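Please look at the sequence and the structure shown below before reading on.

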Amino acid sequence: MESVDLIYKAIYILVIFGITLLIATYSTYFERKIAAFIQDRVGPNRAGPLGLLQPLADAGKLFFKEDFIPAKSNKALFIIGPGIAMLVATMSSAVIPFGDSLIIGGHEIFLQAIEVNIGVLYVFGVVSLGVYGLMIGGWASNNKFSLLGAIRAASQNISYELAMGLSLIAILMMTGTLSLREIAEQQQGFNWNIWYQPLGFIIFLVCAFAETNRTPFDLPESEAELIGGYHTEYGSMKLGMYLFAEYINIFVASAVMATLYFGAYNFPFMENLRSAISDPVLANNVVTLVGVGVMFAKIFLFIFFFMWVRWTLPRFRYDQLMKLGWQILIPLAILNIMLTGGGILLKEYLF
Amino acid sequence: MESLFFFLASLTLLCALMVVISKNPVHSVIFLIITFFTISGHYILLNAQFLAAVNIIVYAGAIMVLFLFVIMFLNQGKDSSAEVKTSTLSKIAGAVAGGLLFVVMIAALKDATVATYDPESFNSQIGMVENLGMVLFRDYLLPFELASVLFLTAMVGAVMLGKKETGETHF
């Protein structure tokens, strides 16, 4: 790889990292605003115009609070816990194609940090590691409620990972590739996977809620039963990192859903737009930039959906959660695989 | 590449040792997870990306979560700093058994030749998903399917064992 490409790549990675953190920061603001809207309140409106500086104020408060470590906790793991949660959360955006290629000065730059031919597996692997931050932090707190939260997080994560993997298999059977870039390219124009995989998408969506520990699956931190679950003993920026990691996970889950099912950076009539501009380089760049905008619009819609559900649905009971995962979602996902396989065979037979 | 391999290999051995040495079972599990990561690193160095990802998903992502899950239930209510008591006899027995294994290893590896690859027939893409799928579903289809039947049997057995029986409960 040339050094120029390396510099572009470094800039791109830094930009994606910054955007991830920015979106996570402002997700906290929009969560409170949306909650306020749904409950007919005003929401944060003191810090800055429309309360836009509220996330900065929150972060400042969390940084300056006393960094408290319980006396009987396992100190090393207590500190490492939030770090792992944050590290794992920021890892998965590396393989997501946020846009097609830009052509600058004869260089073709793909708007994707790393292109690996196992992109889907990479995302799945990182998602499956997400629970360690919660488990280690919850155990190291040496508190019964934290431990219960950690144990719930583990069993929930394991249960929903299966259904998630099975719903992904149907997508892989259809696209025939594990690379997220190729999956995105196959959904050219309006040929999105959601039209072929509606059931798979619903299963994936439910599992994404469970994997990110969002309501109605936020049993690891249900404050009514477990005080705060795995983060009962946490305060100051360590707590902030757990909350931050949750919002980054939501962003990444939204990006993955947009890529796998909603056509990533593809939008209807993109070929018309491309042919409307005479200069091919300019046309490519305009289509790519609009595509990036469309991708982020899709991501924001999903993030809004996450928040909408949080303030609409109540929490599941624990046995209901397990029943939904094992007795409803997994059989449905297997049915979806069979239907997809049948569909592929039928298509080959007919055409 | 060479130095990366030696760094990864020494890290793997160190973490694997720490799994055995750590007094706290939770620390052991965490070192075991790091060991799996370094092994995945070795797979990537060997250009077997699929194997690396599956190793992370299956071992680090699922099995180790269950390990941690079970170990977190242990030692509850007791002082976690209480050390495991080992008698002198079992220490001696352990040392003898380990030493014997070491002797056997040396005897076996003394005359072993280090296999190198043939540059003529070497295919760097052999570990990629496509090639792995071709090999599994074309050359080794029967063993692959038999292994999956074996897994299914084990799963049914596990469900049978875990299921509550009607009548008196045994636990």
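## Annotated spans in chain A

Residues 76–99 belong to a list in the UniProt record, an unreviewed entry, which gives the feature "transmembrane region" at residues 6–29, 76–99, 119–141, 162–180, 192–210, 247–267, 287–308 and 328–346 of chain A.

## Annotated spans in chain B

For chain B, UniProt (again an unreviewed entry) lists the feature "transmembrane region" at residues 6–22, 29–46, 52–71, 92–109 and 140–161. Residues 29–46 of chain B are 94% helix and 0% strand, with end C-alpha atoms 26 Å apart, while residues 92–109 of chain B are 100% helix and 0% strand, and their end C-alpha atoms also lie 26 Å apart.

## The largest nonpolar core

The largest nonpolar core holds 107 residues, and those that touch the most other members are A:Leu121, A:Met135, A:Ala150, A:Cys207, A:Phe251 and A:Met257. Helix H10 (residues 236–261) of chain A supplies the largest share of this core, 16 residues.

Which residues does A:Met257 touch, if residues up to four places away in sequence are not counted? They are A:Phe204, A:Leu205, A:Ala208, A:Phe262 and A:Phe302.

## Where the chains meet

The contact between the chains takes 21 residues from chain A and 17 residues from chain B. On the side of chain B that touches chain A, the largest share, 14 residues, comes from helix H3 (residues 49–73) of chain B. By class, the residues on this side of chain B are 15 nonpolar and two polar, with no charged residues among them.

## Two domains in chain B

Chain B is divided into domain 1 (1–74) and domain 2 (125–161), and the centres of these two domains, taken over C-alpha atoms, are separated by 23 Å. Six residues of domain 1 of chain B are in contact with four residues of domain 2 of chain B, and the side of domain 1 that touches domain 2 has four nonpolar, two polar and no charged residues.

## Confidence in the prediction

The model scores ipTM 0.81 and pTM 0.86. Chain B averages a pLDDT of 83, and 89% of its residues score at least 70. Where pLDDT is low, the predicted coordinates should not be read in detail.

Key:
Residues are numbered from 1 along each chain as its sequence is written. Chains are lettered from A and ligands numbered from 1 in the order in which they are written. This is a predicted model: local features need pLDDT of at least 70, side-chain atom pairs count only at pLDDT 80 or more; totals for chains, interfaces and linings use all residues. pLDDT is the predictor's confidence in each residue, from 0 to 100. Two residues are in contact if their C-beta atoms, placed from the backbone, lie within 7 Å. Helices (H or I, at least four residues) and strands (E, at least two) are DSSP runs, numbered from the N terminus. Ala, Val, Leu, Ile, Met, Phe, Trp, Tyr, Cys and Pro count as nonpolar, Asp, Glu, Lys and Arg as charged, and the others, Gly among them, as polar. Domain bounds come from an automatic or database domain assignment. UniProt positions are given in the numbering used here, feature names are shortened, and annotations may be inferred rather than shown by experiment. A nonpolar core is a set of buried Ala, Val, Leu, Ile, Met, Phe, Trp, Tyr and Cys residues joined through C-beta atoms within 7 Å. A residue is buried if 20 or more other C-beta atoms lie within 10 Å of its own, exposed if 12 or fewer, and partly exposed in between; C-beta atoms are placed from the backbone.
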